[in-house]
Structure formats: C-alpha cells, structure tokens
Amino acid sequence: MSEVSGEILELEILPEQVHLTVAINPQYGIDKLVRHLKRESSAPLRNEFPAVKSRVPSTWTSSYYVCTLDSTTKGAIEEYLSSQKTK
C-alpha cells in the first residue's frame, strides 16, 4: 500500500469515539485512510493499555462516519460533535 499523504487538522478523543478532521487527496480514498489509521494505531494502543486486550477482541470496530467539509458545513459538524459529548 502506498504511503498515506494527508494532514490531521483537528483531533478530539472521547471515551467511545475519536473525531478527526483531515485533509487528504480525494483520489486516495477515505476508506483507505480510515483502515490505515486504525491498523497503525491498534498495536501501540493495545501495548500501552494491556487491559484492553482482555476486554475487547479488537481495538477498533469496522464502522466509521465520514462527511465532507466546506465553510458552510463546519458549523453543522461542530454542532454534531458537541451533541456526541453529551451521550
């Protein structure tokens, strides 16, 4: 697989979710980026937090939510993220 070329613009970590705002070449494919990020972060997380190994079969689920972002949707995304904090 080719190297991922992109930039994490915003990162927010919640107890049950991770929210990222990223800039990536659309030809690369967001699904490839998500799989790459999950694959590369799984082992370090499981090594740093050994209790996770015994509690869950895998670090990440296969699900994810994607939305494209422009200046008109940024407020809507921020509202969505705020609503997730109260769940």
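## Terms and model

On a 1 Å grid over the protein atoms alone, a pocket is an open set of points with protein on both sides within 12 Å along at least five of seven lines, where a 1.4 Å probe fits, and its lining residues have an atom within 4 Å of a point. Points are joined across faces, edges and corners, and a volume is the space filled by probe spheres set on them.

The model is predicted, so that local features need pLDDT of at least 70 and side-chain atom pairs pLDDT 80 or more, whereas totals for chains, interfaces and linings use all residues. Residues are numbered from 1 along each chain as its sequence is written, and side-chain values use heavy atoms, without hydrogens and water.

## The largest pocket

The largest pocket holds about 1700 Å³ of space. Its lining has 39 residues, and Gln17, Val18, His19, Leu20 and Tyr64 are the closest to its centre. Two or more lining residues come from each of strands S1 (6-13) and S2 (18-24) and helices H1 (30-48), H2 (51-55) and H3 (74-85), these being DSSP runs (helices H or I, at least four residues; strands E, at least two). H1 gives the largest share, 7 residues.

## The nonpolar patch

Ile8, Leu11, Ile13, Val18, Leu20, Leu37 and Trp60 form a nonpolar surface patch with about 610 Å² of accessible area together (Shrake-Rupley method, 1.4 Å probe). Patch residues have over 30% relative accessible area and no salt bridge, with nonpolar side chains joined within 5 Å; a salt bridge is a Lys or Arg side-chain nitrogen within 4 Å of an Asp or Glu carboxyl oxygen. S1 supplies the largest share of the patch, 3 residues.

Conventions: Patches are made of residues with over 30% relative accessible area and no salt bridge: like charges are joined within 9 Å, nonpolar side chains (Val, Leu, Ile, Met, Phe, Trp, Tyr) within 5 Å.
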